[in-house]
Amino acid sequence: MQPFTYERATGLREAAAAVAGRPDAKFISGGTNLIDLMKLGIERPGHLVDISRLPLAGIADAADGGLTIGAQVRNSDLAADMRVRRRYPVLAQALLAGASGQLRNKATTAGNLLQRTRCPYFYNPAMACNKREPGSGCSALGGFERSLGILGTSEHCAAVHPSDMAVAMAALDARIETTGPDGGTRSLALGELHRLPGETPAIETALAPGEMITAVTLPPPPSGRQLYRKVRDRASYAFALVSVAVVVEGDAAGIRSARLAFGGIAPKPWRARAAEAALTAGPAGEAGWRAAADAELAGARQGAQIDFKHELLRRTLRHALTETTRPG
Amino acid sequence: MEKHIVQGRDTASAGVIGRPLDRSDGPQKVRGLATYGHEHVPERRPAHGYILGAGIARGVLTAIDTAAAEAAPGVIHVMTHRNAPAQPAFGGPTVPEVPQVFTRPRPVLAGDTVHYHDQPVALVVAESFEEARAAAGLIRCTYRREPGSFSLHGGLANAYRPERANAGMATDSVIGDLDAAMASAAVTLDSTYETAFGSHNPLEPHAAVAEWQGDRLTLYTATQTLANVRAGLAATLRIPADNIRVISPFIGGGFGAKLIVHAETVLAALAARAIGRPVKVALTRQQMFANAGHRPAMVQRMRIAAGRDGRLTGFGHDVIASTARIEEFAEQAAATGRALYAAPNRRTTHRLVRLDTHRGEWMRAPGEAPGLIAIECAMDELAEKLGLDPVELRVLNEPARDPERSVPFSTRNLVACLREGAKRFGWDDLPRRPGSRREGRKLIGYGMAAAIRANYLGATSVRVSLDARGMVSVQTDMTDIGTGTYTILGQVAAERLGVPVSAIRVELGDSDLPRSAGSGGSWGATSTATALHNACAALRNKLLTAARDHERSPLRGLDLGAARLERAALIVNRRSEPLSRLVAAIAPGGLSAEGSAQRGETYTAFSQHAYGAHFAEVSVDLDTGEPRLRRMLGVFAAGKLLNSKTARSQMIGGMIWGVGAALTEETVLDPRHGHFVNHDLGDYHVPCHVDVPNVEAVFLDEHDDKANPFGAKGIGELGNCGASAAVANAVYNATGIRVRSLPITLDKLLPGLPVA
């Protein structure tokens, strides 16, 4: 950990300006990821702006019937909110599937979205990593690939975004509200927040320097049934090998509408538009579900260590759709 | 210097051995008053060392630029191979005599050669840990890489035969003609099983605080065996062992990873001498994976020949394990079956593949844990081939004498464990046909396996003293690595001296105290308790002699042949003399005696093992393949228990280790770079609570009169012997998919699961 200075933010605009004013400055809130990375010398901020006490810890009903979730709402509080549990159960399920109780008590909504990959090669400073040291190469590809992605990856990086919460939010059409250093605000779809690695894996989001997430807004709860299913090696405190968030209207006769998002397989929470389209257009039942998964997996990365994720995704989607289209 | 004494809290004395007393050190631990290695406060203010590890696995460190680190804030000293004090050469991969593995020098920063990834290449010493770590990040290393070997499978063709297996066990054993038995048997099994690298991951990382006073060194550390650390460090520093005092009163888990001296200890001692100030060094969690030992990866071939009746005619176990080019470790997996089942034709072998990693170490149940995975999965496969119940197959092949040594067993209650376990688990009513039981979208399966673990004794001395207030102190350099040593020694002394447990103070973990065999090989409790038993007998004799002869003794001249020590008094005929008053009269300075334990004739004249039987129920998700434990029962016969609560805890902990090895735990070696890829507790999957529901352990009554005066056997490792195989066999029973490569992760099951 290199020496750094620290300040406690006094206001939104001041916080954004403080970070925008120094290229080596970073926001810190729960710190569950950033501090680990600082200890390992992977994040090396020279200045930290603590935004954890900013008045962004509320959950409010929006005028349109949706929900506005403050950036500083703790994961455990969000999961326990009765409005979330009743109207957005897929989000509550995803939150509770993430990390551990202790981490959820500390981790915040915005911090969860902006957490960095857990690729073990990213986490080892002795290994080449284009995300950590741009241009140094990727030592994960060709190595232990089990945790790597199959969709949206590039030859420069195949690391996945580790969040569960964000996958559910992607299925719920969440939007991100931000404040910039000049006090300007903007709103962007969650799908626009994270960038695919391409040739620049170190650039992970569309946020400008100092631009701070202030809230996540959820549109009114979609009709249909919701489910989050996370598949992992250990029953708790393990990242997803594959996860599926579904919001579905349908039954044995067919699926009328579907919003699907996948986790554990891509550099960002993966909204599965191709699968959604195939699902509503295709035949009813399992054959159609499988075709929908295949539509999303067309062109997915292959390899001896990751091929299982293709089948695992198909089967997990089948499970989620079985559960959400079951009569009654 | 702070004293670390744990006083008992129970008022019982008579009959207290075996009772489920709470840990006497529990309150200290939960209140944060138990001082662990890195927490010790030396007399002068310590500096903090941080180890920088090599970024390559094999090659030469051609340049190391420490200028920026030396100029960094708070930095006191940067030690590399260029300025490290001279140390003896490490020597070859093997040592002439078995015990020398614990006493050989283990030099650090000894040259520019890199033997394994994350090998220490520098130590930065600074005023604070954070400053040392930050400065270490400023060191620039330049390497010349050399190709290395990082794949067990890649080296199978070049496996070599070691001179001996761990602990001096025979490399091979051959009895009869296995090949002929295989050729002529009605039923044969020939299966190969693979087990992964494993990492101990004690909660407390390796740590050392070194402080010199002249040419004498005080070392606070976390070790299972003080004598080993003392000897290994003395050899490395080239000073007499007597000049080193090792203090290690509380240890946050060892599991075999804290048996030898490691780099952090040597570096702390070297740095403290170099800067003339105490130095603290700890391994980080990440550094432990490369620098604090691992369980070797293995490929194990089982060949079993049997008649139609299920009786074995041949038993073959060929193990190929990884070892390190720099230092050999031949984990004795193939020795496991040498005493397990009867079969006239037998062959067990160990071969090794050299890899460019750091050495493997003794990880809880070395030998048995991986060995029983192969043996007990093979027996499960054989039972199915024979159409026999797996329990019955094992009962059928129960030997009357040790099948390879031709000596009698001391006590052997494997069959009783199998029967009792089957009864308690409801085994006979469970479906045997694989893949035949479903609950919703879960496949449910059941498996069992036998457990065997050798019983050892290590030379140990204990001092016991009685003071004029009637307080007893027990002193030895034995350790309590979380197992309950403090508690059981209090129970033994209380019962043998007839005083309440609350009058016993136990002092451990200081090399100034009488030397013990330490905690390792499951021998700590029985060795130390035996020495304490003898010490108590010697103290009793001293007390009685003084009571009879001392001129101020109220019992002077009495015939004390029938005297008893009870209720904190010496009772003879109808007279009862409180110990405090008696000692105050006859030995105001107190009385003290030592006792020792060493291997006797029965140690070799009998085949001594503890036994058990594991039964497991698992679910496998039909959609995702996720295997999860649902319940597990272990039934064990391990002689007399010294404390049934700490014993049960150890068994449950061991069983959970077995679950981890079966389903989740694997340290991945990158075959290109030679580093352990997953090196923290987020990626190395030790089971969480939710992974291990309903794990229960029970003991059968047993007394092994060949083992020691208590009839007790070692139990620290018995719990994870066979546990993995029971889980693996349950996964097979659930799915009909036989995965022979552990851990059984869902990707290995997925291809075999039904599509719908």
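The following dialogue examines two interfaces in a predicted model.

Tutor: This is a predicted model, in which local features need pLDDT of at least 70, side-chain atom pairs count only at pLDDT 80 or more, and totals for chains, interfaces and linings use all residues. Residues are numbered from 1 along each chain, chains are lettered from A in the order written, and side-chain values use heavy atoms, without hydrogens and water.

Student: Why is the pair Arg229(A) and Asp621(B) called a salt bridge?

Tutor: A salt bridge requires a side-chain nitrogen of Lys or Arg within 4 Å of a carboxyl oxygen of Asp or Glu. The closest N and O atoms of Arg229(A) and Asp621(B) are 3.1 Å apart, so the pair qualifies. Between chain B and chain A the count is four salt bridges.

Student: What makes residues of chain B and chain A count as in contact?

Tutor: Contact means heavy atoms within 4.5 Å. By that rule, 41 residues of chain B are in contact with 38 residues of chain A.

Student: How do you know how much area chain B and chain A bury?

Tutor: Buried area is the accessible area (1.4 Å probe) that two parts lose on being put together, summed over both. For chain B and chain A the value is about 3200 Å², with 54% of it on carbon and sulfur atoms. In chain B, Arg133(B), Asp623(B) and Arg672(B) lose the most area to chain A, together 16% of what that side buries.
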